[in-house]
Amino acid sequence: LGAGPLAGRHVLVTSGPTHEPIDPVRYIANRSSGAQGAALAAALRDLGARVSFVTGPATVPPPHGVTVAPVQTAAEMLAAVEAHLPADAAVFAAAVADWRVDGAAAQKIKKGADGPPALRMAENPDILATVARMGAGRPALVVGFAAETEHVAEHATAKRLRKGCDWIVANDVSPATGIMGGAENAVTLITDAGAEVWPRLPKSEVARRLAARIAEALAP
Ligand code: C5P
């Protein structure tokens, strides 16, 4: 067994964007770099946890010393998460696409006389809410993220209740902050005790502080 406050613990982390296919060569995605999720997985590993890292196609590479489950779509991410449970804690840092193209084309859609294709969208499963509302087998600690551009604490507090998770790590991603894709993060941690505004910190330091809090919460 390894050392550290999370030795013998299993923590699952989702990270990165998802890619939702339109056809075999095109997809819908978002601008998540996966930097905060990767930093968090590394910090949990450093505290001794066994980490399952379920990641979409991120620009930041996954850390060493964790079990990597690479996925493309939200549906694949949900399946990989379920396959890696049970866990003592689960942290959902992925920027999952809210919608997928309903019935992606099996062949490349050709440009033609019909004009641009009308894409019909279907709603993706909410992975965080699915795990947070599991009965038996629910991780003892379920943590979600919330990317907000205004009223951060209020929106995130409502999200915590709506999703049924224990904590929400809310960050202000309004373009002026430069946080999305950047090296720093300014987060507010929402728990049942209220909202804690953290100073603007490198994503690695946000990860270390969050991992330490997770270790505290799981301590016997
Ligand atoms: O509702 P919203 O997308 O803002 O919620 C963000 C949180 O929910 C994040 O923790 C994200 O990883 C998670 N999420 C998810 N599955 C989805 C959408 C969001 O796990 N389909």
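Mentor: Let's start in helix 5, where glutamate 205 and arginine 209 are four residues apart and so separated by about one helical turn. Helices here are DSSP runs of H or I with at least four residues, strands are runs of E with at least two, and both are numbered from the N terminus. Bear in mind that this is a predicted model, in which local features need pLDDT of at least 70 and side-chain atom pairs count only at pLDDT 80 or more, while totals for chains, interfaces and linings use all residues. Residues are numbered from 1 along each chain as its sequence is written, and side-chain values use heavy atoms, with hydrogens and water left out.

Trainee: What makes glutamate 205 and arginine 209 a salt bridge?
Mentor: The term asks for a side-chain nitrogen of Lys or Arg within 4 Å of a carboxyl oxygen of Asp or Glu. The closest N and O atoms of glutamate 205 and arginine 209 are 3.2 Å apart, so the pair qualifies.

Trainee: Why is glutamate 205 called partly exposed?
Mentor: Buried means under 20% relative accessible area and exposed means over 50%, with partly exposed in between (1.4 Å probe, protein chains only). Glutamate 205 has 22% relative accessibility, so it counts as partly exposed. Arginine 209, at 35%, is partly exposed too. Salt bridges that share partners join Glu205, Arg208 and Arg209 into one network.

Trainee: How do you know that the length of helix 5 agrees with its number of residues?
Mentor: The expected span is 1.5 Å times one less than the number of residues. For the 16 residues of helix 5 (residues 203–218) that gives 22 Å, and the end C-alpha atoms are 22 Å apart, so the two agree.

Trainee: Why is aspartate 23 called buried?
Mentor: Its relative accessible area is 3%, so aspartate 23 falls in the buried class. Its salt-bridge partner is arginine 26, with the closest N and O atoms 2.4 Å apart. Arginine 26 is partly exposed because its relative accessibility is 34%.
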